[in-house]
Every structure is written in C-alpha cells, then in structure tokens.
Amino acid sequence: MNCRSEVLEVTVEARQVEEAMLALLHTILLHRSTGKFHYKKEGTYSIGTVGTQDIDCDFIDFTFVRVSSEELDRVIRKAVSEFKDALSSDGMGQISLEFYQKKKSRWPFSDECIPWEVWSIKVSVVNLANEQERQICREKVGEKLGEKVINVVEVINRHEYLPKMPTQSEVDNVFDTSLKDVQPYLYKITYQITDSLGTSVSTTMRRLIKDTLAL
Amino acid sequence: MAHFETEYQRLEASYSDSPPGEENLLMHVPEGSKSQWHHIENLDLFFQRVYNLHQKNGFTCMLLGEIFELVQLLFVVGFTVFLANCVDYDVLFANKFVNHTDSSKVTLPDAILPMDVCNAHIRDNAFVIFVLIISGVFWLHRLVKFLYNVCCYWEIRSFYINALKMSMSELPYATWQEVQARIIEIQKEHQICIHKKELTELDIYHRILRFKNYMVAMVNKSLLPVRFRLPVLGDSVFYTRGLKYNFELIFFWGPGSLFENEWSLKQEYKRGGNRLELADRLASRILWIGIANLLLCPVILVWQILYAFFSYTEIIKREPGSLGARCWSLYGRCYLRHFNELDHELMSRLSKGYKAASKYMNCFLSPLLTVVAKNVAFFAGSLLAVLIALTIYDEDVLAVEHVLSSVTLLGVCITVCRSFIPDKHMVFCPEQLLRVILAHIHYMPDHWQGNAHRYETRDQFSQLFQYKAVFILEELLSPVVTPIILIFCLRRKSLEIIDFFRNFTVEVIGVGDTCSFAQMDIRQHGHPAWMSEGKTEASIYQQAEDGKTELSLMHFAITNPHWQPPRETTHFISQLKERVNREAAGASSETHPLSLSESEPRSLVANILAGPSTLGSVHFACDSSLANNAVTGMPGGATALRSLSPISSSLHLRGSLSAAHRVSGFTGRAMTGSGTDARTVSSGSSAWEGQLTSLVLSEYASTEMSIHALYIHELHKQQSRGDLSRHTWHRQESDESSDSIPDEVRSEPNTRSRNFPRSQTFPATLPSPGASSASATGGTNMGQDGEKAQSSSQRRHSGPAADHFGTAGKVVRTAHVPMGGWAEDGKESSRHHEPVQEETSEDELPPHIHKVT
C-alpha cells in the first residue's frame with residue numbers, strides 16, 4: 001500500500017499498441033531519470049547531462065520526447081513488444097511500470113524491493129472496419145495520448161515522496177546504474193493479459209505462506 | 001557570422017555536452033538514507049508489530065513468552081503420550097506388587113515402564129502416532145513462525161530504540177499514546193508513509209484495526225450468524241475463537257478472500273455489477289472451508305481437549321470457584337467494542353466493569369438453588385468436618401481407601417455450593433449496578449434500562465458476560481459446531497456479505513480500503529436517535545446501531561486529544577462536550593436531586609450524578625493528590641476543583657492538566673504525554689513524571705468517556721421515549737430462514753402476557769410496512785435484497801409487538817438514590833495506576849449517603 005499508484009487507460013488499434021505504450025512509458029521514464037552521478041570526495045556528487053529526442057509515431061498523429069539513450073530504449077522496446085505479442089487482437093491488457101527501491105536485509109532474507117510508485121496503463125484493443133475509421137482513430141488516439149502526457153507531467157509535478165538522493169554506496173538501491181548514459185530510478189515493467197486482474201496462483205501461494213508466518 | 005562587427009557574439013561552448021572544468025560543476029550533497037525507516041512497505045503489519053511489541057512489554061518479555069509457549073507445547077504432547085503409554089497404573093494403584101529385594105516401598109520409578117516396552121506401546125498405537133504427527137507438524141509450524149517473528153520483531157525493536165528513541169526497559173511504562181505521538185513525530189522526518197506528509201492518530205488506528213473494525217461493524221449490523229434460537233436453550237449466542245478464525249479466513253486473508261492484500265479489497269468486489277455471481281462464488285468458498293473444517297474436526301477437537309485439559313485443570317484444582325467466575329464473552333467483546341478501539345483500551349474498560357457486572361449477575365441467584373445449595377453445603381460440610389477431625393487425630397485415616405478423594409470431592413462440592421449462596425450483605429439494586437456497568441461498557445440495548453431487575457435482561461446480559469465454564473465448553477464444542485454454522489448459516493448470507501463489503505468500504509488515501517463506519521462520520525453513519533438528528537444523512541441501512549458511531553467518535557476524540565477531526569465532527573464533539581460540562585457544573589451547584597424531572601434536559605447530568613456518581617469520585621482522591629504536584633502552576637484549576645462536584649472537577653482537572661501539560665512543554669519543564677511535545681522530553685529523571693501525567697490523563701479520559709457515554713444514553717432515552725425507532729438486540733436474522741424460527745414475541749407467550757416492557761425501539765415501530773420498505777429501498781438501491789428482507793422481517797414484528805408498545809412508552813422508573821461514600825474508594829483507587837487492572841470497589845453500593853467535600 002505504501003506506494004502511489006496511477007492508472008492510465010487507453011483504447012487503441014492493434015497496430016498502435018506498441019507506439020502508444022512506448023510513448024507513455026518513455027514519457028514517464030523521461031521524468032524519472034537523471035544524469036549519471038559522479039561521486040567526488042567528501043560525499044558530494046555532480047550530475048551528468050541527459051539528452052532528449054523527439055520521436056514521431058508512424059500509426060498515430062503524435063510526437064513524444066524520450067531520453068536519448070539507445071540502451072534504455074532497447075530495454076523498453078523489448079518489454080513492450082513482448083506485451084504486444086501476448087495481447088490478442090481485441091483483448092484487454094495492462095502494462096505496469098513500477099519504481100522501487102531496494103532495502104538491504106540481513107542474511108536469511110533476500111533484499112526487499114519496495115515499490116514507491118506504480119503506473120498502470122490499461123489497454124483495450126479495438127478492431128476497426130474501414131480506412132476512414134482508422135484515420136479518425138489515428139487522430140483521436142494522438143489527442144488522447146497528448147492528454148495522458150499532460151496528465152503524467154501533472155502527477156510528476158506534484159511535490160510528493162521520492163527516494164532521497166543516495167550516497168555512493170547506496171546508489172544501487174535507488175537508481176538503475178547499469179546504463180551508461182542515463183540513470184533512471186530502479187524500475188520494473190510487468191504486464192498482464194485478460195481483464196481478470198485477479199491474483200495468479202503463485203502470488204496467492206506466496207501470500208498464503210507469508211500470512212501463515214506472520215501471525 | 002563573425003564578419004558582422006556587433007557587440008553581440010556567440011556564446012562559446014556553454015551548451016556543449018562535454019563537461020567543462022570540473023570546478024565549475026554544480027555539486028550536490030547526497031542526503032543518503034540515514035535511517036532505514038523511511039518508506040516502509042507494509043505499514044499495516046509494521047504498525048501492528050509496533051503495537052504488539054508495546055503490548056507485550058518489550059522484546060525480551062515477548063521472546064521469553066514465545067519460547068516458553070513452544071516448550072509448553074512440547075511438554076503437553078510429550079507428557080500426555082508418556083502418561084498414556086509409559087506408566088504402569090497397576091503399580092500405582094497397588095493392584096500389583098513389586099518385588100523389591102532391599103525395601104518394601106514402592107517408588108515412582110517402579111511405576112514407569114522401561115524404555116523398550118514404552119516404545120512398543122507407542123508404535124502399536126496408531127492413534128498415538130496420529131496425534132504425534134499432527135502435533136509435530138503443528139509444533140514445527142510454530143517454530144518456523146517463531147523464528148520469523150523473532151527476525152521481524154528484532155527490526156521493530158531497533159525501530160523503537162533508534163527511531164522512536166525509547167529503550168526496551170522503559171517501554172512497559174510508556175503508554176501507547178506516547179508511542180503513537182512519537183511515531184507521528186518521526187513521520188515528519190523519516191516519511192514512513194509516503195502518501196502524506198503527516199500521519200494522524202486515526203491513520204494508525206485504521207491500519208492496526210482494519211479488519212477488527214469490519215468485524216465490529218458486521219456484528220453491529222447483525223450480519224454475522226452468531227445468534228441462534230435453539231429449541232431448549234432458547235436465544236443464545238455462539239461465537240468462539242475457532243469461528244472467529246474462520247470468519248477472518250474467509251473474509252480477510254484466506255486463499256481467495258475478499259481482500260487482495262492487507263490493505264485493499266479486490267476490485268471486482270467494489271463494483272455492484274456482478275454481485276450475484278460473486279455471492280455465488282463466496283458461498284461455494286464458504287462451503288469448501290466448511291467441509292475442510294469438518295474433515296479437520298477430529299484433529300482440532302483432540303487438540304482443543306488436550307489444550308483445555310492442561311491449561312485449566314491446574315486452575316480448577318487450585319480454585320474450583322473459578323469455573324463459577326465469569327468473563328466477557330467473545331461476542332460481548334465484539335458487541336461492546338468501539339470502532340477504532342485498540343485491544344488494551346477495550347480490555348481496561350471491560351475490566352473496570354467486571355466487578356459491577358459480576359455483582360449484577362449475582363443479584364439473580366435463584367432462591368430455589370440457594371436453599372438447596374445451603375443444605376447440600378451443610379451436609380457436605382459436616383461430613384468434611386468429621387473426616388478432617390479424624391485425620392487430625394490420626395493420620396492413618398488418610399490411608400483408608402478413598403478418604404483422601406472424598407475429602408477433596410467434598411471440598412469441591414462446598415465451594416460450588418457456596419457460589420450459589422448470595423452474600424449476606426448484598427443489596428438488590430440492579431438498576432444502579434446496570435448504570436455502573438453501562439458507564440464502563442458504553443453499550444447496552446435500550447430496553448435494559450428500567451428493566452434491570454428482570455430475568456430476561458439478565459439472560460441477555462449473560463450473553464455478553466458468560467461463565468468461564470461455559471466459555472471453555474463452547475471452545476470445546478467449537479470444532480463440531482463451526483462447520484455447521486459455516487455451511488448452513490453463513491453461506492446463506494453470502495449476498496449480504498458481498499453487499500456489506502461493497503457499500504461499507506471506502507478508500508482513504510494513505511490508508512487504503514477501510515470500513516466506512518470506522519471513519520466515524522456522523523453524516524454518513526450517524527443515527528438520528530443518538531444525538532446526530534439533523535446531522536446525519538444516512539439511510540437506515542447505513543446507520544450504525546446502538547449509537548456506535550457517536551460513541552466511538554467521542555471515545556476516539558477523548559482518548560486521542562490531539563487528533564484533529566474534520567470540521568463538522570469537531571463541531572459535534574465540542575457541542576457535546578460543552579453540554580456535558582455545562583450540565584455537570586449546573587448539576588453540582590444543586591443539591592442532589594432525588595426526584596427527576598425527566599423532560600428537562602438539564603437534569604441529565606444531575607441524573608447521572610445522582611445515580612452512580614462513583615465515576616467522577618473514584619478518581620477524586622487521586623485527583624487531588626495529583627493536583628498538588630501536577631497542577632501547581634494552575635491555581636485556577638485547583639480552585640475550580642474544590643468548588644465543583646467530583647465529576648465536573650474531574651472534567652475540569654483533565655482540561656487544566658492538559659493545559660498545564662502543554663505549558664510545561666513550552667517552559668521546558670519536561671512532562672511527557674500524549675502531546676506533540678513528546679520530543680522535548682529528556683529521558684532522564686523527568687521521564688517518570690511525564691509518564692505519570694500521561695497515565696493520569698488517560699485515566700481521566702476513561703472517566704470522561706464514561707460520563708459522556710452515560711450522557712448520550714440518557715439523552716437517547718429521553719429522545720426515543722415515545723419516539724419510534726428500531727431496536728437491534730433482537731433484530732431477527734434478515735434472511736428468510738428466520739421464517740422457520742418463531743418470532744421472539746410469539747415464542748414467549750408468557751412474556752407477552754406479563755407485558756414485559758419491551759424496548760420502545762423494538763422493530764415494531766415503523767409507521768407502516770409500506771413506508772418502511774419504501775424508505776429502506778429508497779435509501780439504498782444497492783443492497784436491495786438484504787434490505788427488503790430486513791424490512792419484511794420488521795414487518796413481521798410489527799403485528800404482535802405493536803399492542804404492548806404502549807407499555808413501553810411509560811417505563812416505570814425508580815428514583816435514583818444518590819450514592820456517596822466514595823471517599824474511601826477513591827483513596828483505594830489512588831494506588832492503582834495501571835488502568836488495565838480490575839477496578840477498585842467503585843461499584844460498591846453503600847446504602848448510606850455520604851457527602852464528598
């Protein structure tokens with residue numbers, strides 16, 4: 001519970017799924033990334049720069065800004081295309097981008113990953129009959145995405161909890177330092193197909209075990 | 001561009017991405033996560049653990065307790081198996097002679113079978129192996145849980161020490177309010193909850209009591225099938241730990257429960273669309289859990305019996321009277337619990353009411369039984385006396401077979417008999433006793449008042465306050481009865497349950513899904529008959545019964561004086577407080593009014609004062625003694641204290657105390673307390689003083705709450721006299737199954753003929769069935785089915801009950817004898833600083849009048 005959750009809902013055509021998802025995920029990550037930290041002596045650091053890049057969509061009348069980092073783009077593209085492949089032609093799905101921080105625990109337990117913000121994007125795919133409708137859809141989805149982007153920016157502009165800036169030893173607990181040109185907060189992309197957003201068997205089992213242990 | 005000779009020039013390279021000289025860079029200093037306590041993942045569990053550790057008096061106590069529990073478990077099982085298999089009872093009973101070469105005495109080791117025989121015994125007995133395996137699994141489970149808990153609580157311990165700055169040694173002496181104040185304080189710097197900048201008391205309570213609030217609300221709305229009408233036993237309540245565990249398993253945390261995790265209800269249950277389908281699913285889940293219970297029944301039964309045997313035999317042997325003692329039943333605890341009331345608060349309140357309650361129950365000893373018991377005791381006593389006398393004369397008497405056992409049996413017999421013989425000095429004044437009880441338990445069906453002397457009232461009260469023996473018996477029966485209740489009663493209610501969770505769940509930012517009743521919002525859940533007339537917008541379905549919302553609100557506001565409720569709520573609280581204060585002051589200036597003019601609201605508090613005025617005066621001695629050291633700087637408070645009557649003085653004192661206490665926060669005279677200035681406390685010598693103050697404050701809180709509870713009840717009584725409203729104590733099961741059960745009134749023709757003044761709030765009282773169902777369905781269109789069923793059941797009542805409603809209107813009331821004589825009790829109570837202990841003799845009923853000066 002101790003994490004914010006934001007839900008975005010979009011309705012798109014099957015061929016637009018990938019671009020729409022990329023647009024939203026990249027927008028969020030743009031605001032949740034910083035330049036690389038360069039730690040100096042006496043516990044100070046300087047922040048590197050982050051480049052941005054405009055991307056035009058092919059199937060949507062829309063242009064979005066993303067961090068110009070090929071590595072980051074590759075990671076996200078991979079996740080999105082998996083999601084797209086799993087999504088049937090007129091189904092529902094949800095892709096979520098979860099920002100978390102790690103907490104070191106003592107020996108018997110593995111490190112805890114504690115989410116602090118979760119963005120869920122609910123997608124429903126529609127089939128359109130003719131080219132004219134597709135054209136309309138193309139514009140409408142573009143407008144909708146524009147609204148969503150504004151929405152995202154508004155949420156991010158609110159002055160709310162963010163993990164504190166870490167010292168050098170802790171930087172891995174807060175930021176993803178694996179990329180060489182940009183440093184987003186630790187994140188995780190997961191997706192679910194079908195609208196039964198109920199819990200899967202494994203999570204139920206995990207909770208059951210946890211509950212019996214707890215009290 | 002260079003050939004234009006202007007002053008404007010291109011800025012060189014300042015936009016380039018390559019870092020220029022490092023000295024020009026903006027340098028940042030990382031804050032680092034200095035503590036590990038920011039952003040805790042599962043705050044529910046976290047707060048629960050913080051609370052548990054506080055209640056268990058620190059880490060060491062808890063650890064030891066758990067270790068002993070584990071050892072005890074091993075011992076219970078091991079010893080039972082040993083007794084059953086490895087003892088040669090023939091030797092013990094001297095049926096078989098042991099051949100000893102050196103001495104003729106039989107020693108204990110003689111009676112123990114050798115190892116190999118023993119093992120063979122165990123191996124041959126399938127049942128023993130079965131028991132051993134089960135308890136082995138159970139024990140391992142406990143062990144793993146224990147180890148897990150140790151790790152978790154170790155973390156909590158370091159939270160106490162590092163973040164809250166409380167050492168484990170001072171923890172037992174700190175009140176929960178102090179701990180809570182510190183948690184709220186550290187939220188500002190550590191942000192343990194990321195949704196808000198600041199936590200409130202209510203947030204913490206909500207998280208700790210999330211599921212308990214649901215249970216309280218469900219009992220309050222009579223949703224849980226715990227009341228039954230049985231052929232022989234009549235109206236009875238069955239609610240055991242096993243049943244409770246199953247309810248919680250089904251609703252809150254079991255596989256496929258309604259809750260997704262600890263803090264949120266599953267999405268599909270929040271939507272009304274497919275409620276029928278969800279209800280079906282819930283019903284089938286209940287069925288499966290019921291069947292699982294049925295299958296596991298033998299295992300649980302064996303366990304319960306073993307457990308009961310080992311935990312209670314010792315007590316029964318030591319003091320057989322304890323079976324005749326009473327305890328608050330599990331149902332009572334649910335019925336009497338406020339929303340947002342922590343365990344220790346409930347227990348201290350109930351413990352305070354314990355003495356009065358048991359005295360009340362003792363008023364009703366059947367005279368027939370008394371006569372019999374007296375004579376049985378006489379005969380048994382004479383036999384016992386002879387045997388003892390003989391034994392004293394010559395010890396060999398004991399060696400005669402069965403002499404020792406008959407002495408023991410006779411002793412038990414006499415003790416049992418004695419419990420049926422009333423105290424010679426007891427005075428029968430149930431009405432006053434009930435008042436004292438009400439002051440502590442805060443809830444009571446309307447029709448009890450004025451009927452305290454009736455047997456029916458006593459029977460109903462005994463559902464809340466049962467014999468310990470009955471409690472144990474119910475626990476033993478529980479494994480058998482639980483599956484039946486689940487399969488046949490709870491399953492039928494699945495639709496209502498689904499509706500309940502949908503209608504009464506609200507999502508609070510920073511807390512998650514909570515029971516909306518627990519928000520204590522008068523507007524949404526207030527009951528017009530309980531002071532929220534005009535303020536409430538709740539439909540009948542939404543109103544909490546018995547004034548639960550209002551009383552819970554007062555209770556919470558009083559126990560957490562620093563809580564800032566929403567504006568309307570603040571208005572309600574301050575209005576009520578002011579009224580009580582004013583009338584307390586007014587009443588104290590009058591002489592004790594013996595006769596009551598009931599229409600005058602002014603006499604309300606006077607009425608309370610004239611009745612068991614004990615409440616205020618109990619603490620009076622303690623007040624004045626503390627006034628000296630605590631309120632020295634407040635002469636105003638001190639004089640007010642002298643000039644006013646006990647109750648109002650305690651009210652004022654509490655006010656002035658907390659005022660003084662706030663002042664002290666500023667001046668640096670360290671006094672801890674539930675206040676926000678908890679941080680200014682230095683943990684040195686002043687710590688004790690501070691704790692004392694906060695304890696005193698919390699004691700006043702309970703007194704103040706008692707007064708408010710009495711006041712609200714009194715007002716409710718006046719308001720609802722002649723006013724028509726509903727009654728919940730015997731509201732029938734709202735499902736159609738109650739058709740098979742005869743209605744209350746029909747089944748008790750004798751009651752009817754005696755014209756037992758049923759409460760005016762008996763369900764009879766809706767103006768017309770049509771209107772009732774219209775209002776019910778109009779009020780909420782979501783829970784239609786349950787609602788209709790309910791209104792139809794109300795309709796069923798309206799026939800028979802209507803004819804004696806007139807009698808209910810004019811309940812004969814006896815004038816309250818003013819009770820004084822509390823000075824000595826006050827002195828006694830001043831020794832008691834722990835609020836949890838059983839209260840002192842505040843419920844004594846001296847018939848003489850003693851003016852407290």
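Colleague: What stands opposite T11(A) in β8(A)?

Modeller: In this predicted model, S124(A) stands opposite T11(A). Strands here are DSSP runs (E, at least two residues), as helices are (H or I, at least four), numbered from the N terminus.

Colleague: How do you know that β1(A) and β8(A) pair?

Modeller: Pairing needs at least two bridges found by DSSP. Ten bridges join β1(A) to β8(A), residues 112–126, so the two strands pair. They run parallel.

Colleague: Why is the link of C86(B) and C118(B) called a disulfide?

Modeller: The term asks for cysteine sulfur atoms within 2.5 Å. Those of C86(B) and C118(B) are 1.6 Å apart, so the pair counts as a disulfide. A search of the whole structure finds one over all chains.

Colleague: What makes C417(B) buried?

Modeller: Buried means under 20% relative accessible area (1.4 Å probe, protein chains only), exposed over 50%, partly exposed in between. C417(B) has 9%, so the residue is buried.

Colleague: What should I keep in mind about numbering and confidence?

Modeller: Residues count from 1 along each chain as written, with chains lettered from A and ligands numbered from 1 in written order. Local features need pLDDT of at least 70 and side-chain atom pairs 80 or more, while totals for chains, interfaces and linings use all residues; side-chain values use heavy atoms, without hydrogens and water.
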